[in-house]
4 protein chains.
Amino acid sequence: MTTIKDSVHDHIEVEGVAADLLDTPQVQRLRRIAQLGTVKLVYPSANHTRFEHSLGVYHLASRALEHLSVEGIQAERIRAAAILHDVGHAPFSHNVEELLHRHTGLYHDDVDRLIARTEVGDVLADHDIDPARVADLIAGEGKYGQLVSGELDVDRMDYLVRDAHHTGVPYGTIDHERLVRELTFVGDELVLDEGNVQTAESLLLARALMNPTVYTHPVARISKAMLRHATERLLDQPDIDAGEVRRMDDYDLVTALRVTDDTAAFARRYDSRDLYKRAVWAEYGDVPESVLAADHEELRAVEADVAERCELSAEEVIVDVPAEPTMTESTTEVLVNGDVRRLGEQSPLVTALRTAQREQWRLGVYTTADATDRVGKAAAERLGLDIEGALVADVTPGVTATLDEFDGGKP
Amino acid sequence: MTTIKDSVHDHIEVEGVAADLLDTPQVQRLRRIAQLGTVKLVYPSANHTRFEHSLGVYHLASRALEHLSVEGIQAERIRAAAILHDVGHAPFSHNVEELLHRHTGLYHDDVDRLIARTEVGDVLADHDIDPARVADLIAGEGKYGQLVSGELDVDRMDYLVRDAHHTGVPYGTIDHERLVRELTFVGDELVLDEGNVQTAESLLLARALMNPTVYTHPVARISKAMLRHATERLLDQPDIDAGEVRRMDDYDLVTALRVTDDTAAFARRYDSRDLYKRAVWAEYGDVPESVLAADHEELRAVEADVAERCELSAEEVIVDVPAEPTMTESTTEVLVNGDVRRLGEQSPLVTALRTAQREQWRLGVYTTADATDRVGKAAAERLGLDIEGALVADVTPGVTATLDEFDGGKP
Amino acid sequence: MTTIKDSVHDHIEVEGVAADLLDTPQVQRLRRIAQLGTVKLVYPSANHTRFEHSLGVYHLASRALEHLSVEGIQAERIRAAAILHDVGHAPFSHNVEELLHRHTGLYHDDVDRLIARTEVGDVLADHDIDPARVADLIAGEGKYGQLVSGELDVDRMDYLVRDAHHTGVPYGTIDHERLVRELTFVGDELVLDEGNVQTAESLLLARALMNPTVYTHPVARISKAMLRHATERLLDQPDIDAGEVRRMDDYDLVTALRVTDDTAAFARRYDSRDLYKRAVWAEYGDVPESVLAADHEELRAVEADVAERCELSAEEVIVDVPAEPTMTESTTEVLVNGDVRRLGEQSPLVTALRTAQREQWRLGVYTTADATDRVGKAAAERLGLDIEGALVADVTPGVTATLDEFDGGKP
Amino acid sequence: MTTIKDSVHDHIEVEGVAADLLDTPQVQRLRRIAQLGTVKLVYPSANHTRFEHSLGVYHLASRALEHLSVEGIQAERIRAAAILHDVGHAPFSHNVEELLHRHTGLYHDDVDRLIARTEVGDVLADHDIDPARVADLIAGEGKYGQLVSGELDVDRMDYLVRDAHHTGVPYGTIDHERLVRELTFVGDELVLDEGNVQTAESLLLARALMNPTVYTHPVARISKAMLRHATERLLDQPDIDAGEVRRMDDYDLVTALRVTDDTAAFARRYDSRDLYKRAVWAEYGDVPESVLAADHEELRAVEADVAERCELSAEEVIVDVPAEPTMTESTTEVLVNGDVRRLGEQSPLVTALRTAQREQWRLGVYTTADATDRVGKAAAERLGLDIEGALVADVTPGVTATLDEFDGGKP
């Protein structure tokens, strides 16, 4: 048994297949994938990695399995899935995931091949574990898949606490020890035991508070959009393959961006945190349906148009249209007086938070500091936004809050 | 200058009038008033006192005054109010406050006399501070009264963080440093600066999570109801005066209850945590208007009736009807695009939390462990409750959660 | 199984005999015994109790038993001893223990009778546990007694961490999770496993730092000496019995001191933290052998003499001669290259810390604020101290540090 | 003013010259220099950077300047030095510093040129600050240089707390708030005020506990030695310049090692944490004078000899002879009864810790897992060590402790 010191869960004991998996290059690579991508440009302490998060998820999964009395090969399989659940992550975690998906058709939890054909597969074979079943667990399939990837998964429990610890933001502090204890199965459904409506709500609220403060903080969004655009330029290079980029770590990607002519300017900006600023920051209700429904190519065309009108290079205008907010926790199941109920039915908070999320949603257009005015006008016109609204929105609280706090003067 | 080590704010520097007030018997007495009354019977670490809380409130007030650039005698007056804001508390803080109010007409913030006529008054005089103005601040009056007692007061900021720290519950962890920095005045209104809708919401959510978990935890409610009833018996004694009880500390009150014949049985139960159990636990919608509107005497009559029917002594039945839930934070004011807005208008969470609070509301009837069945039936009948609902409700989650957790078998 | 939330160890699971013992009046009484007695007059947050500490000791004992693979009735007996190890404490924990020992012949770990003849004995009988064997474990006897009371006991591991948490002092933060994991038996000796010389040292260092900062802080010593003297007066009363005082809780003792004529003045001082000040503060080397060897009666005589010379009442002069410092950790045993060695042989720190402790030792004479000068001179003369040294010593750093910090002006 | 959220100090307010310096590429580069180099291979959470540490040092310096009432341009200069004190660090902080010093003659605090000739110099010029004076402060020169680099510098206060926070090790928790408050000048000497011998000792003890547990943990030493050797190979490349390597960040260095033929094998090992193991682990007393005094070239020759004898490549044997332990804290100055005294004179702990450090010192020889036996014998012979001692030493506690804990089976 190996004992590892973790800044969140203190001592983590790793044994069995998980201990062997830890030593594979695929899991060790996670040491060099930042858990929160460019969020570290907002919160300088947020340098934690997918590796320590994977250890944390393994730890909570082990605790949950004890409480659920799951043992033997089934438990080993789930612990393997826990330690492996993020091996499919591209550099900078989610930051360029959508982009790579367009090129490779794969998301970070599509790991069938990775698990079967690498050292990971060898370790699993040594322990008589079928890689396909582990991949299924990671994809959230089957009764136990819910524990690894679902509304009540240990993944979320770890990241909320860990991200709060490392950013210094006090909002993600859920009672994860209690959550893990209160999990139970009703038939094949993973639910929270009687008396835990509020426990379920606290998980929901933690994410609702962490979202605008951390995960979608404007500076994180701007830097992520810039990284995404630069990586797209990188993928345009003849000698670069999307599958290869997906297997890079953060070091590889940053280096590739630095040494590629088309992306060197971005790399320089990234390295010195010289970021674009907001030209447009528009509320959901002010954005036409057609823009919300626009696909990637259409938005690239808008960027090119706006850049041309403003006599900028295409690289200097970014249109950032977030997906519609979701609230997966609304389907969390809790036991109430012996019945399994969805949290969305039981708790008035779910609807309120869904509304709040929509109110926090913003379309952003970013450009260089000296071009925000003219790009703002051109983009608002091109996108059919009310200019007044788009610009005034720039100071809407609840969203720009921390930005202003961190950035007085600079983007 | 005196520096005091605090487990929440680390070093607290006390100077000026506040340092002198610290040494008065009235402030020192707060060392012997438990901040959360009987909550310590649920959370054994919750032994913190009004004294350390008062220091914390003083500390946050001082920080806020710096940020608001309030100086001189005005600042001294506010700091005095901060350190004194709880000197009017009766033993066990809020637990017997309502009862004593019925006898004395005074709440804990009615401190005009206490401040004017004791050593506190002498200290204030030494510093040329008018006691009446300090009492007004404590009562929340005037522009600066909002800082001491209002929707955005430093009292709440301290107690949420402190109560979370001492109970071990992770839900009260607001970003109090940020809150204090973001306070500003618009005219005479204390508001949160631009960009803080979410900061305001986090304060609201923290209280919403702490309420059922800590402040109105069923075991805390039962023990508080028992304490209240025993204290009422105490006040029936010919040689006991309500004003005197109000000035007691926790040691005095516990001792008085122990040595008085009519209350000795309670004291024995309290000392060994041998508490009543729930006979009825009814939801808001199931309770007739007339019961909700019943006054103290009417409820005492119900208790007597039920006890008689069940052949119990009047002491052995307690009917506990909480006040309607309030949400004072809904009137918190925040700056949004230059306008002062009420949080209740701005945030969909306010309505949702108000609904959630009402759903968590419960009427309780408590009695000895062996009498819960017959008392439940008799009380439901007498109060016009649907018996079925009243009893099934006993396992309603979100309310009994922690009770079950702590008490497997025992109350 | 009962789960209890603790501010130090988070969730503590209590089951078996321990769960039943929790409900006895003898264990519940510990809720009203302050863990650190009068230390709360220095650190206002230090209001934690022997009850939560006992839960913590039980928790660490359970973890240690798991690691040591001790099971069955033996484990139940040890867990019972853990939860009961402090039931013999008098009010204010160690503050009046020596005094009561002079009257009753009992220390806090002499609990044979208490365990056999109260509700505790009934619970043990229900679980077929012999009270005498539990009492032996509490007294540190036998192989497993070392775990409850010895150089490597879980008692110390809990109190160092808990006292640091509640005072806010960062020095007691040992790696208790590691300590518990590294315990092992070599024959019948409880030792730390290979590779833990430094782990053992850290325990030693934590206590060395906590001692002057917390446990023997001058203000804690003064208030403890005052309490001890007042309690001695209380024991002089014809209707008071020392055995009875030993069974009191803090509430009882404070009340008794308030209502007894001879001690009311002390109670008033205690309640308003109006403490004596130091008249003498003399180093070990400056104190004659005869004073170090003086027994209780001789020191009482000195006090009376000095008081008379200074025209004070006997109550107003206190001579406080601490015992010689000990360093029980020096006999801690650790495995080094397969041999069991004593830490004192292995670590140069042990000798250094022993020297440091002697340097921190001080004889104190305390009196009312206005009499320190004349009492200092009279006491120095009477005790044969060099006056100059005794007074200059008043500002010796490392000892008065925090005193000055907390008390600017007042004791 | 910019406010930055830090996981250690919460909100850090940056203003004036420091705020402008933050935006220079030289300071931003520190985001990509790991504070503890390869220690993250032992403690997976230790991913914190020189950037956040520099912010922390700036923060503590600002607090100290307030307490010392230093203002105006002098204070600005010191704050600039605080934020800049680590800009001269090579990749992986101290790991390859000695190596680069042999090639460039520069240590990390030789920053005259860097400060004068880059964007940093421009910012300093804008604020009328002389770069040479800032460089002097960073080098620890002059009255105020002690605050930035000296026995009582804020650098150490920050790193002890930060490294403890991020590794999860509880030993570095000094009372930094108190330390900063207690600094004072006596003439031109920075000393701790009266009453702080123990405060000074606690700083010393924290470092003494962090050293073997974190800074010189065997796995950290092995990986650091491997990195150093690989970087030395890199410097052998004709197109690589030591000055250039010194200006790299961690990303650059890792990439350079990956793409250079002579170092690719190391990079693969580093990336998958496939480290060498210990062949020799010898105590100070067992190492001949000549070996202790050997210079770099001589040790390289030993490595080559041993490798040849064992039929390994020169890369596969590393001889790691640490410098003699120092204890800079022994010259810390404290005020004792009005005199400035060195801690080394005042505290018996200094000598004890110096002895303890020497006892923890180990010479290491590292090689591939399958060659430890034969390399151990060959190296012991070549270095004139007693073979028996050198190998048995492998399990000496206090040093291998955490290694075994983390590594069951793997190096």
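Modeller: Let's start with a term: the radius of gyration here is taken over C-alpha atoms, and the globule rule is 2.2 Å times the number of residues to the power 0.38. Keep in mind that this is a predicted model.

Colleague: Okay, so how do you know that chain A agrees with a compact globule?

Modeller: For 411 residues, the rule gives a radius of gyration near 22 Å, and chain A has 22 Å, so the two agree. If you like boxes, the C-alpha atoms of chain A fill one of roughly 65 × 50 × 35 Å along the principal axes. Of the 411 residues, 59% count as buried.

Colleague: What is chain A built from, in helices and strands?

Modeller: Chain A has 23 helices and nine strands. Among its contacts between residues at least 6 apart in sequence, 71% join residues at least 24 apart.

Colleague: Which domains does chain A have?

Modeller: The domain assignment gives domain 1 (2–216) and domain 2 (218–325 + 357–402). Their C-alpha centres lie 29 Å apart. Where they touch, domain 1 of chain A puts in 23 residues and domain 2 of chain A puts in 26. On the domain 1 side, α5 (97–104) and α12 (197–215) of chain A each give two or more residues, and α5(A) has the largest share with five. Sorted by class, that side has 13 nonpolar, seven polar and three charged residues.

Colleague: Now the two chains. What makes chains A and D related as by a two-fold rotation axis?

Modeller: Chain D can be laid on chain A by a turn of 180° with a shift of 0.0 Å along the axis, and the RMSD is 0.0 Å. The two copies are therefore related as by a two-fold rotation axis. In chain D, the residue that comes closest to that axis is D:Y251, with its C-alpha at 2.6 Å.

Colleague: Let's zoom in. Why does D:T331 count as partly exposed?

Modeller: Count its neighbours. Buried needs 20 or more C-beta atoms within 10 Å, and exposed means 12 or fewer. D:T331 has 14, so it falls in between and counts as partly exposed. D:T331 sits in the loop between β6 (317–320) and β7 of chain D. Leaving out residues up to four places away in sequence, D:T331 touches D:E151, D:R342 and D:G344.

Colleague: What makes β7(D) and β8(D) a pair?

Modeller: Pairing takes at least two bridges, and β7(D) and β8(D) have four, in the antiparallel sense. One place to look is D:V336, which stands opposite D:D339 in β8(D). The two strands form a hairpin with two residues between them, and D:N337 in the turn has a positive phi of about 50°.

Colleague: Which way do the residues of β7(D) point?

Modeller: D:E333 and D:L335 point one way, D:V334 and D:V336 the other, and all are buried. In a regular strand, side chains alternate between the two faces of the sheet.

Definitions and conventions:
Residues numbered from 1 in each chain as written. Chains lettered and ligands numbered in written order. Predicted model: local features only at pLDDT ≥ 70, side-chain atom pairs only at ≥ 80, totals over all residues. Contact = placed C-beta atoms within 7 Å. Least-squares fit on C-alpha atoms with pLDDT ≥ 70 in both. Domains from an automatic or database assignment. Nonpolar A, V, L, I, M, F, W, Y, C, P; charged D, E, K, R; others polar.
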